[in-house]
Every structure is written in structure tokens, then in C-alpha cells.
Amino acid sequence: QVQLVESGGGLVQAGGSLRLSCAASGAIFSINVMGWYRQAPGKQRELVATITNSGSTNFADSVEGRFTISRDNAKNTVYLQMNSLKPEDTAVYYCNADIRSRSWSRTVYWGQGTQVTVSS
């Protein structure tokens, strides 16, 4: 069984920074793309950033230049460094990973979500 565990959310003032972490564990053979999505109240879940196992990254226009994504393949962990946070960044942030298990099945897994609240 594979699971993703997120940490690092919280309350921060506008202009501040937070770092989210997401660790994958279980019967993992390999991880392809890892990423972060967010969902604000009353809105659909949206892409924030993704990173491939070779380090190629992709960002939503709304966070480009403020957020960075990185991963530690040895630890099966992805990070989201969020700087210059704005109130509109307030949302539940979800980790996502495209994982091939040791049984060779391939599944996209989601974390449980972590709340990020940015006060004005």
C-alpha cells in the first residue's frame, strides 16, 4: 500500500513564506511526476506546480516566480517553497504522485491535504 503524507501548512501573513513537504511511502518501485494542487472554498482544484523525476518543472501562472518545487528522489519526497504569499493563495494544498508500485501497477495517489491560510 502506498500513501502520501503532507506537512508544513499553517497560517502566515501576506508577504510571508511557507514550505510544504510530501513524503511517499510503501511498496514503491518508481515515481514519475510529483506535484501540488490546491482547492479554495467554492472553487475547483487547480494545478500549482509539478516536477518530473528528472527535475523538469511546470508552474501555474498565478504562482510563477513566487513558488518553487523540488524533490528528493532518495526520500520519495516533494517540496513546495511558497514565497511572497498572497491572501488568494489561501487553500487546501494537495500532494499528488504518479507511482509505479513493486507489483508493477501504476496509480496516481493523493495526499490528505494541508491547509494554507494567508492573512491580509
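Is Asn-76 buried, partly exposed or exposed, and what is its relative accessible area?

## Basis of the model

This is a predicted model, in which local features need pLDDT of at least 70 and side-chain atom pairs count only at pLDDT 80 or more, while totals for chains, interfaces and linings use all residues. Residues are numbered from 1 along each chain as its sequence is written, and side-chain values use heavy atoms, with hydrogens and water left out.

Asn-76 is partly exposed, with a relative accessible area of 23%; the term covers values between buried, under 20% relative accessible area, and exposed, over 50%, computed with a 1.4 Å probe on protein chains only. This residue lies in the loop that links strand S7 (67–72) to strand S8 (77–82), where strands (E, at least two residues) are DSSP runs numbered from the N terminus. Although Asn-76 is not a glycine, its phi is positive, at about 50°.

Ser-84, in the loop between S8 and strand S9 (91–101), is likewise not a glycine and has a positive phi of about 50°. Its relative accessible area is 41%, and Ser-84 is therefore partly exposed.

## Ser-101 in strand S9

Ser-101 belongs to strand S9 and counts as buried, with a relative accessibility of 7%. When residues up to four places away in sequence are not counted, Ser-101 touches Ala-27, Ile-28 and Phe-29, contact meaning heavy atoms within 4.5 Å.

The side chains of Ser-101 and Ser-103 are joined by a polar contact of 2.8 Å. A polar contact is a pair of N or O atoms within 3.5 Å; within protein, one must be able to donate a hydrogen and the other to accept it, and residues adjacent in sequence count only if both atoms are side-chain atoms.

How values were computed: Helices (H or I, at least four residues) and strands (E, at least two) are DSSP runs, numbered from the N terminus.
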